[in-house]
Amino acid sequence: MGLTIEQALQQGVAAHKGGKVQDAEKLYRAILKSQPTHPDANHNLGVLAVSVNKTDAALPLFKTALEANPKIEQFWLSYIDALIKVGRFDEAMADYNKALSLKPDYPEALSNRGNVLQKLGRFDEALQDYNKAISLKPDYIDALYNRGIALKELDRFDEAIVDYNKALLLKPD
């Protein structure tokens, strides 16, 4: 008696969470054998690939997941984070813009787009994204910290210190 796709996915996720990477990979690949565009199996297999430093192999998996279900925020974040890891900043920026057109008030996407803008040296634009992310989620430590970096790069040291202090208050370690 074989597993249904849903059962195989649940077992794959359980194996993945339990650190049984090879078992999870086999289950995800079995799903993709019968349903090559299955969004969750593609995404999860991509996550496995990134975890073993095979980001290039993860990109097409994330892209397939995203094309199959573009409404899942995590698919966008995983794909764009992978693009950033391999240094494809222009593509990452374009995809952040697509993601934000679907959900303009997503603080994590705004903050991450700010990170890409910083890497491109566009600090003023990065500040706009960090400001919006923080207005949506005032205790967003990463956005506060990264806004501090952007402010520092713009020689706005007093403001940078304020953000660093806020981040430290939220997470002293």
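Me: Let's start with charge. How many positive and negative side chains does the protein chain have, and how far apart are the centres of the two sets?
Reply: Keep in mind that this is a predicted model. There are 22 positive and 24 negative side chains in the protein chain, and the centres of the two sets lie 5 Å apart.

Me: OK. What's the secondary structure like, in helices and strands?
Reply: The protein chain has 10 helices and 0 strands. Going along the sequence, you read α-α-α-α-α-α-α-α-α-α.

Me: And what box do the C-alpha atoms fill?
Reply: Roughly 65 × 35 × 25 Å, taken along the principal axes.

Me: How much of the chain counts as buried?
Reply: 41% of the 173 residues do.

Me: What about contacts across the sequence: what share joins residues at least 24 apart?
Reply: That share is 40%, counted among contacts between residues at least 6 apart in sequence.

Me: Switching to single residues. Where is R113, and is it buried or exposed?
Reply: R113 sits in helix α7, which covers residues 107–119. R113 counts as buried because its relative accessibility is 17%, and the cut-off for buried is under 20%.

Me: Which side chain does R113 make a polar contact with?
Reply: With the side chain of N97, at 2.5 Å. Leaving out residues up to four places away in sequence, R113 touches M93, Y96, N97, L100 and D129.

Me: Which helix holds S101, and what lies 2.6 Å from a polar atom of its side chain?
Reply: S101 is in helix α6, residues 89–102. The backbone oxygen of K98 is what lies 2.6 Å from that polar side-chain atom. S101 itself counts as exposed, with 58% relative accessibility.

Me: Now N146. Which helix is that in, and what does N146 touch?
Reply: N146 belongs to helix α9, residues 141–153. It touches N115, Q118 and Y130, if you skip residues up to four places away in sequence. With N115 there is a side-chain to side-chain polar contact of 3.2 Å.

Me: Why does N146 count as buried?
Reply: Because its relative accessibility is 14%, and buried means under 20%.

Me: How many aromatic pairs does the structure hold?
Reply: It holds 1 aromatic pair. That pair is Y145 with Y164, and it is tilted, with 5.7 Å centre to centre and 45° between the planes.

Me: Which parts does the pair tie together?
Reply: Y145 lies in helix α9 and Y164 in helix α10, so the pair ties together parts that are 19 residues apart in sequence.

Me: On to backbone angles. What is phi of N53, and where in the chain is that residue?
Reply: Phi of N53 is near 60°, a positive value in a residue other than glycine. N53 is in the loop between α3 (39–51) and α4 (55–68). It is exposed, with a relative accessible area of 72%.

Me: And what about phi of D155?
Reply: Phi of D155 is near 60° as well, again positive in a residue other than glycine. D155 sits in the loop between α9 and α10 (157–170). D155 is exposed, as its relative accessible area is 55% and exposed means over 50%.

Me: Last one: F75. Buried or exposed, and in which helix?
Reply: F75 is buried, with a relative accessible area of 4%. Its helix is α5, residues 73–85.

Me: What does F75 touch?
Reply: Not counting residues up to four places away in sequence, F75 touches P39, D40, H43, A65, L66 and N69.

Me: And how far is F75 from A15, in sequence and in space?
Reply: The two are 60 residues apart in sequence and 20 Å apart in space, C-alpha to C-alpha.

How values were computed:
Residues numbered from 1 in each chain as written. Predicted model: local features only at pLDDT ≥ 70, side-chain atom pairs only at ≥ 80, totals over all residues. Heavy atoms only, no water. Helix = DSSP H or I, 4+ residues; strand = E, 2+ residues; numbered from the N terminus. Buried < 20%, exposed > 50% of the residue type's maximum accessible area, 1.4 Å probe, protein only. Contact = heavy atoms within 4.5 Å. Lys, Arg positive; Asp, Glu negative; His and termini not counted. Charge placed at Lys NZ, Arg CZ, Asp CG, Glu CD. Polar contact = N/O pair within 3.5 Å; in protein donor to acceptor, adjacent residues only side chain to side chain. Phe/Tyr/Trp six-rings, centres within 6.5 Å; stacked < 30°, edge-to-face > 60°.
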